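Trainee: I am new to this structure, and I would like to go through it with you step by step.

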Amino acid sequence: MSENHEIERIAANWHAVQHLVADAIAMSGRAAGSTKIVGVSKYVGLPETEMLIKAGCKTLGESRPQALWSKAESNLLSSDVQWHLIGHLQRNKIRRLLRHSVVIESIDSQRTLNAVAEISHQQQLTTQVLLEVNISGDEKKTGFAPEEMPQLMQNLPVNGIAVLGLMAMAGWGTDPDEARAQFEKTRLLRDRLRAESGLELKELSMGMSGDFPAAIAEGATIVRIGSRLFEGIR
Ligand SMILES: *Cc1c(COP(=O)(O)O)cnc(C)c1O
């Protein structure tokens, strides 16, 4: 496929996804623009990532810290990108990651949370984080068990982080009704934690290429879309 075709294809995919997201928001009776799209660029290299940015997607997600910082540090990409980390973070990767003002969506343990808070505070930063919930209960998935979250909320580090909300994924191979039930569970958990903690917890990051309309219907404020954006590219 020629480069021009790739540019056109990625732009068309981006516009299609924006329309589908807007439709899902309207169908749910929610306010226009109330769900942000994170374009997940983990499947592609720098050229295609730049094509997506040029098409208008300015919030990008990567699941590996090294991939995120190598893209963020590349001169080949437009610099006005807000990066989100959406995969597991080892503690020895935190320092370098924090150079890039990332939103860390995938805080999956108290130790990681504490380490991010500490390093961030040392650097006089306040890092925006989401707490990843293992809502499907799938043992192979990362994230906090829903039942451990009330306790966690009482032990949040005071400095260095701002907890914006929750991130969750539907379990592997769940059918659409079951995925929607898991998104609803995530929202209800958020509502409960909000009431107990007094924190706003306004972000609910849930929904991917295969299930984002259901997530939006259940109140997702962030959807993380990857494969749909690169359809037809390779
Ligand atoms: C890869 C990934 C996505 C994007 O998934 P698609 O189905 O390709 O849209 C979203 N969230 C997380 C955590 C991911 O790892």
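This is a predicted model: local features need pLDDT of at least 70, side-chain atom pairs count only at pLDDT 80 or more; totals for chains, interfaces and linings use all residues.

Trainee: Leaving aside neighbours within four places in sequence, which residues is His100 in contact with?

Mentor: To place His100 in the chain, look at the loop between helix H4 (94-97) and strand E4 (103-107), where helices (H or I, at least four residues) and strands (E, at least two) are DSSP runs numbered from the N terminus. Once the neighbours within four places in sequence are set aside, the residues in contact with His100 are Trp69, Ala72 and Glu73.

Trainee: Does His100 count as buried or exposed, and why?

Mentor: Buried means under 20% relative accessible area, exposed over 50%, and partly exposed in between, with a 1.4 Å probe and protein chains only. Because His100 has 16% relative accessibility, His100 counts as buried.

Trainee: With which side chain does the side chain of His100 make a polar contact?

Mentor: A polar contact is a pair of N or O atoms within 3.5 Å; within protein, one must be able to donate a hydrogen and the other to accept it, and residues adjacent in sequence count only if both atoms are side-chain atoms. For the side chain of His100, the partner at 2.9 Å is the side chain of Glu73.

Trainee: What percentage of the residues of the protein chain count as buried?

Mentor: The protein chain has eight helices and eight strands. Out of its 234 residues, the share that count as buried is 50%.

Methods:
Residues are numbered from 1 along each chain as its sequence is written. Side-chain values use heavy atoms; hydrogens and water are left out. Contact means heavy atoms within 4.5 Å.
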